[in-house]
Amino acid sequence: RFSAYLLFITIWSLVVYSPIAHWVWGGGWLGAWGVLDFAGGTVVHIAAGTAAAVGAIVVGQRRDYGRRAFLPHNVPMMLIGTALLWFGWLGFNGGSALGMNGSAVVALVNTVLAPMATLAVWLTLDLVRTRHATAVGAGTGIVVGLVAITPACGFVSPLGALAIGAISAFPSYFAIAKRA
């Protein structure tokens, strides 16, 4: 029900997201320890990932888990969605500089480079492991690169963004490959 969804989002925003955001940006203990988060990757992705894991544990496995492949039914639409997501991510990461300045430019460049590196490594891993690269793997690699660079996009050099993107492909790829 939509009302239950609105209630959940309100409670989650107040009880989970706001305290974590304060820990990093509002003078909280993580910020005092020197944790940097340029565009909210730590706050958003850790909070959402933890909430998703808890939700998955509560809901449990799919009824057909392990008996049927879970593949996207419309690969072109998945790729269009990935492209739109990447485009929007540019505004999100670049806009986190709160102005059109050098920091925003670095964030934009890094938001392009890191997913490119992840994509290249992901497709190479696909080729080595299965002897063919897939469009679904390409889209997945791009999203992994976007998530990986978000906290650091305004703080690292373009070479650092390439390294973050390339390195992030390995744990993500093998975690998914282990399930497949």
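**Exercise 1. Find which residues Asp37 touches, leaving aside its neighbours within four places in sequence.**

Solution. Setting those neighbours aside, Asp37 is in contact with Val24, Trp25, Thr42, Val43, Pro151 and Phe155. Contact here means heavy atoms within 4.5 Å. Before going on, a word about the model: it is predicted, so local features need pLDDT of at least 70 and side-chain atom pairs count only at pLDDT 80 or more, while totals for chains, interfaces and linings use all residues. Residues are numbered from 1 along each chain as its sequence is written, and side-chain values use heavy atoms, with hydrogens and water left out.

**Exercise 2. Work out where Asp37 is found, and which backbone nitrogen its side chain reaches at 2.8 Å.**

Solution. Start with the place: Asp37 is in the loop between helix H2 (29–32) and H3. Helices (H or I, at least four residues) and strands (E, at least two) are DSSP runs, numbered from the N terminus.

Next, check the burial. Asp37 has a relative accessible area of 5% and is buried. The cut-offs are under 20% relative accessible area for buried, over 50% for exposed, and partly exposed in between, with a 1.4 Å probe and protein chains only.

Now look at the side chain. That of Asp37 reaches the backbone nitrogen of Gly40 at 2.8 Å. A polar atom of the Asp37 side chain also lies 2.9 Å from the backbone nitrogen of Thr42. A polar contact is a pair of N or O atoms within 3.5 Å; within protein, one must be able to donate a hydrogen and the other to accept it, and residues adjacent in sequence count only if both atoms are side-chain atoms.

**Exercise 3. Describe helix H3, from its span to the residue that follows it.**

Solution. First, the span: H3 (residues 41–59) has 19 residues and reaches 26 Å from its first C-alpha to its last, close to the 27 Å expected at 1.5 Å a residue. The expected span is 1.5 Å times one less than the number of residues.

Second, the burial: Gly41, Thr42, Val43 and Ala47 are buried in H3, and their cover includes helix H1 (2–25). Ala48, also in H3, is partly exposed at 36% relative accessibility.

Third, the end: Gly60 follows H3 and has a positive phi, near 90 degrees.

**Exercise 4. Find the angle at which H1 and H3 pack, and which residues make the contact.**

Solution. The angle is about 145 degrees, and the axes of H1 and H3 are 10 Å apart. Axes are lines fitted to C-alpha atoms, for helices over the stretch in contact, and angles run from 0 to 180 degrees between N-to-C directions.

H1 contributes Trp12, Val16, Tyr17, Ile20, Ala21, Val24 and Trp25, and H3 contributes Val43, Val44, Ala47, Ala48 and Ala51. Sorted by class, this contact of H1 with H3 has 12 nonpolar, no polar and no charged residues.

**Exercise 5. Step back: how many helices and strands are in the protein chain, and what share of its residues is buried?**

Solution. The protein chain has 7 helices and 0 strands. Its C-alpha trace spans about 50 × 45 × 30 Å along its principal axes. Of its 180 residues, 29% are buried.

Among contacts between residues at least 6 apart in sequence, 66% join residues at least 24 apart.

Methods: Nonpolar A, V, L, I, M, F, W, Y, C, P; charged D, E, K, R; others polar.
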